[in-house]
Amino acid sequence: MAENTTNTVMFHSTRSSSKTYTSKQAIRRGIADDGGLFVTDCLGETRYDISNLSGKTYKQIAKDVLQILLPDFTSSELDDCVEKAYGSQWEDTEITPLKALGNNNDFVLELFHGPTCAFKDVALQILPQFISHTKDVSDSNQNVMILTATSGDTGKAALAGFADVEGTSMVTFYPEGKVSKIQELQMTTQSGDNVKVCAVRGNFDDAQSGVKQIFTNNSINETVENNNHALLSSANSINIGRLIPQVVYYFYAYSKLVEQGVIELGDEVEFCVPTGNFGNILAGYYAKMLGLPVKHLIVASNSNNVLFDFLVSGTYNKIRPFNQTIAPSMDILVSSNLERMLYYMCDKDTRLLQMLMNDLQQWGAFEIPDNVLSKIRKLFGCGWANEKQIRDSIKECWDNHNYVIDPHTACGYFVMNHIPHDSNVPRVLLSTASPYKFPRVVCQSLGLNVQDLDDFGCMELLEKKTSTKSPSMLSELKNKTARFNDVINVEDMPDYVLKCANEIC
């Protein structure tokens, strides 16, 4: 399975290496005390032997990859986590099936067959299982209170994963009016006595910044710990336990390309990834560090193209107009997981990372050295799609391939088809959500008349016109009643968390 193994893997902040933690401790804490993200300096020392991929199921590959990246979990603990995370709640037994997109060496990796129809399920079905096995590194009576900001998909996926899980509670914040109607209903109708959902007046970055500030507020943390006996943690991809499971599907996609005779072991592959917070594509970088033959990772953005500008210029600048788009899960101007990639590309220089993040917080921008940018651009390509290009790509993909994609996947489709490419190298487009999560936009893009239809009418029309089937967990939302209707200002988030701690911890 692995080669060049190392026995000890410790995690520390991207901004300081003075405190170290096991993977269990890092997952339980979620974010470092200084606001940095947990990383390990051992990444890449142990590599996955890809010759052992052949014939393995998703679960088997997951067990192998997780054993490398989370070595203080026992084999039996990982078996338990994997079995519970990737079972009957998935509509496809392959978990993330790979589909050919025409006959031109392009493929789609479908990441939306989980219980909430978005790629976040891959990690958020297993994160609660991880946390359930971390109590031996802390007070066995202490619960974990999960705080999450969502741009649309993380919230529901996390709620579905943590609902009524013993020893946990959860509060999800989402930007008011800036997610799709289906996404909002998925969250506000969530069952579970240990969950709360609240809209925030602002955008995703406002909600995410609010959550990060709560994590680093000692007074709030101490109050929740002392009064409610709970530790604050995160289900966003700032939590290393959210990021690491996403590494698995890159290896799985590669194994399928080998099995189908598209490539031979050792051949390189490119991945095109729609991403806003940089977590989904960072998992591909981790896969490459573990030995997967990745030639390029292509960042696909919408008109909030802060990542595109950064990868072109080396300057990250969040002081820019915020665009509310038809691909709302990518409406992000502060891509948190970029910090992890920069840590490794900057030769693990925590002092430099601290300076960059301080510049971002104080001035709204930072600039990386030219040699670091050069290193990044050897692996990462980039592109972005505007609203018209997204809509046109949905229609083009249907017209050319008889395949329906959602607006986020359409960003990737557009970029993949407009970036220089070696035709001999297979390309895998990561499809991040079911098109039925955005039925109105998809129908409009296909030229269908939705003027008098609600979103559920749009679902039915899309089914009829494409001979596809909407996932039952989405169509059934029509008959559900919202449980949560709280709306607050960003500055009220700390008080809201303390109130929720008294109610659900």
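Contact here means heavy atoms within 4.5 Å. The model is predicted, with local features requiring pLDDT of at least 70 and side-chain atom pairs counted only at pLDDT 80 or more, while totals for chains, interfaces and linings use all residues. Residues are numbered from 1 along each chain as its sequence is written, and side-chain values use heavy atoms, with hydrogens and water left out.

**View 1. Covering of the buried residues of α15.** Helices (H or I, at least four residues) and strands (E, at least two) are DSSP runs, numbered from the N terminus. The elements that cover the buried residues of α15 include β2 (11-13), β3 (16-21), β14 (315-317), α14 (338-345) and β15 (365-367).

View 2. Thr 350, Leu 352, Leu 353, Leu 356, Met 357 and Leu 360 of α15 are buried (under 20% relative accessible area; exposed is over 50%, partly exposed in between, with a 1.4 Å probe and protein chains only). Seen down the helix axis, the buried residues of α15 fall within an arc of 160 degrees, so they line one face of the helix; the arc is that of the directions from the helix axis to the C-beta atoms. Arg 351, Gln 362 and Trp 363 are exposed on the other side of α15.

**View 3. The ends of α15.** At the N-terminal end, Asp 349 caps α15, with a side-chain oxygen 3.1 Å from the backbone nitrogen of Arg 351. Gly 364 follows α15 and has a positive phi, near 80 degrees.

**View 4. The chain around the helix.** The chain contains 22 helices and 18 strands. Of its 505 residues, 61% count as buried.

Terms used: A polar contact is a pair of N or O atoms within 3.5 Å; within protein, one must be able to donate a hydrogen and the other to accept it, and residues adjacent in sequence count only if both atoms are side-chain atoms.
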